[in-house]
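This briefing sets out selected features of the structure shown below, arranged by topic.

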Amino acid sequence: MRKLKSKNIYELDSERLATTDEHGNRVYLYPEEAKGVWKERRKFFYWFLISVYLFLPWINVNGKPALQVDIFNREFTFLGSTLHGVEPVLFFLMIASGLFFIAFITSLLGRVWCGWACPQTVFIQTIYWKIEALVEGSARKRRELDQASWSMEKGVRRLVKWILFTIISLHIAHTFVGYFVGPRVLLQLTTHNPSENWGLFIGTMILTAIFLLDFGWFREQFCIIACPYGRIQSVMMDENSLVIAYDVKRGEPRRGTVDRAGEGDCINCYNCVKVCPTGIDIRRGNQLECIHCTQCIDACDDIMTKLKKPKGLIRYASENELNGKPRKTMTLRSGIYIGISLILISAFAYFLKASTNLNMVFLRSNIPFRVIEDGQIVLNDFKLKLTHQGSSEYKLDFRIKEEVKGEVSFITPSRPLVLNKPEVKIIFFFRFNRDFLSGGTKIITVEALDFNTGKILAEKEVTLVGPSH
Ligand code: SF4
Ligand code: SF4
């Protein structure tokens, strides 16, 4: 815990992280909440995201979950449509195109995801910070409470805070599980005895513990140490990327370092440091720990307004803009990222279309053919496997393509065949005169038709075999 020394506790050591002391122990942060235009914008956006996140798993569209990723049945449901048997290749393309799209956004707008949309930031700043402030008071009071010895008041405040954190974490964990199991199971999980589904119950409790520890205690450490995106985001950015930056030319030399007459606009009030959730001093330049949350912009704008100076000493700007050069909106790097993302999305769309189409496979039985009726009639036995990954339900009939109609017939127990599952197998016999074959084989084409409209939905070539003489 950072000790209250006579020296300014916000003057950070340049040799180590703001969240680590000289012995490598964690320094707890007590960020103040900034007020201002950016805070209002983020608040609006955060509550929109929280509403979507918390309510989406409970909503049904056309009798199906609004969004469900059913891992066990390999089904993906979105706004009433279900993709069955989702293939790993589709999943890979979806994830990879998303990652390159995030890389594209990062190259343009820096770490905008972290500050504006990451659940870590959204939940901590909107809910956990509020609970903390309600129960333990302002940043200064929280720091004092932490440093005070244990007392009844400290114990009660801590207990109430962690009970409220646990309630919220339980709700977030249940909602998260809902995205995988759907609203019906989610309701059961919420209202029934845990013994009815121990596996899911234990999984949800583990998730609750993870959210509780992360959002309640680990916090900025996750962004600084554990988040893979946080580690690699700097390689996606360049001097044209928009970041949250301190205008050195305007701010320096800061107050207290030179004569009053020669100082810049920064009055060294440290308000930008006091509000920073990762504890950094943005005046030291763009840093890996900055999650682009805009808190320091509001804090500094507030000071500039009071000093009757223009806002924006800390603002969104690219390195080029700060150096007086124009900012290129689209760079080669951004173009490559969005180009790869579009290629992957196109591949996804192509494979999706191919996989949602009706597909027929004829699987020959162990006995290639049987001859009946004094050797004149030949039978070929197959299993017909019908698959599709889309949400359509098919009512099918079959026919053999025009050229050989009449010379060969087929027998199948299901006509029309209702295909309402991702995969159906049926028995399929072909019957034909042995003279129909040439050299012991003949290739025919079987068509699957929409039973009501007669539209051809799929066709497949089948090789018929029989005696060669
Ligand atoms: S430096 Fe500013 S934008 Fe970056 S994390 Fe700290 S407060 Fe947020
Ligand atoms: S809030 Fe603005 S004026 Fe105060 S220390 Fe930070 S940059 Fe300087």
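A residue is taken to be near a molecule if its C-beta atom, placed from the backbone, lies within 6 Å of it. The structure is a predicted model. In that model, 14 residues surround ligand 1, and 15 residues lie around ligand 2.

**Ligand surroundings**

- By class, the shell around ligand 1 consists of 10 nonpolar and 4 polar residues, with no charged residue.
- Around ligand 2, the nearest residues are C266, C269, N271, C272 and C300.
- Two elements, α11 (271–274) and α12 (295–306), each give two or more residues to the shell around ligand 2.
- Helix α12 supplies the largest share of the shell around ligand 2, namely 3 residues.
- The shell around ligand 2 divides into 11 nonpolar, 3 polar and 1 charged residues.

**The open four-stranded sheet**

- An open sheet is built from 4 strands in the order β13-β11-β15-β16, and the pairing is antiparallel.
- Its edge strands, each pairing on one side only, are β13 (417–419) and β16 (456–465).
- On average, neighbouring strands of this sheet are turned by 35° against each other, with direction ignored.
- Within the sheet, β15 (residues 441–450) pairs with β16 in the antiparallel sense over 9 bridges.
- In this part of the chain, I443 stands opposite T463, a residue of β16.

- Strands β3 (residues 67–70) and β4 (residues 75–78) run antiparallel and are joined by 4 bridges.
- Q68 faces T77 of β4 as its opposite residue.
- The two strands, β3 and β4, form a hairpin with 4 residues between them.
- R74, in the turn of this hairpin, has a positive phi of about 50°.

**Pairings of β14**

- Strand β14 (residues 423–433) runs antiparallel to β10, and 11 bridges join the two.
- Opposite L386 stands V424, which belongs to β14.
- Strand β12 (residues 408–411) is also antiparallel to β14, the two being joined by 4 bridges.
- F430 in β14 is the bridge partner of F410.

**Helix packing**

- Two packed helices are described by the angle between their axes and the distance between the axes.
- Helix α4 (residues 119–136) packs against helix α6 (residues 152–191) at an angle of about 155°, and their axes are 9 Å apart.
- Angles over 145 degrees count as roughly antiparallel, and α4 and α6 are therefore roughly antiparallel to each other.
- The crossing of α4 and α6 is right-handed.

**A loop residue, G375**

- G375 is located in the loop between β9 (370–372) and β10 (377–387).
- Is G375 buried or exposed? G375 is exposed, because 10 other C-beta atoms lie within 10 Å and a count of 12 or fewer places a residue in that class.
- G375 and K401 are 26 residues apart along the chain, and their C-alpha atoms are separated by 26 Å.

Note on methods:
Residues numbered from 1 in each chain as written. Chains lettered and ligands numbered in written order. Predicted model: local features only at pLDDT ≥ 70, side-chain atom pairs only at ≥ 80, totals over all residues. Nonpolar A, V, L, I, M, F, W, Y, C, P; charged D, E, K, R; others polar. Buried ≥ 20, exposed ≤ 12 C-beta atoms within 10 Å, placed from the backbone. Pairing = 2+ DSSP bridges. Axes fitted to C-alpha atoms, helices over the stretch in contact; angles between N-to-C directions. Parallel < 35°, antiparallel > 145°, perpendicular 65-115°, else oblique. Left-handed = near helix turned anticlockwise from the far one by under 90°.
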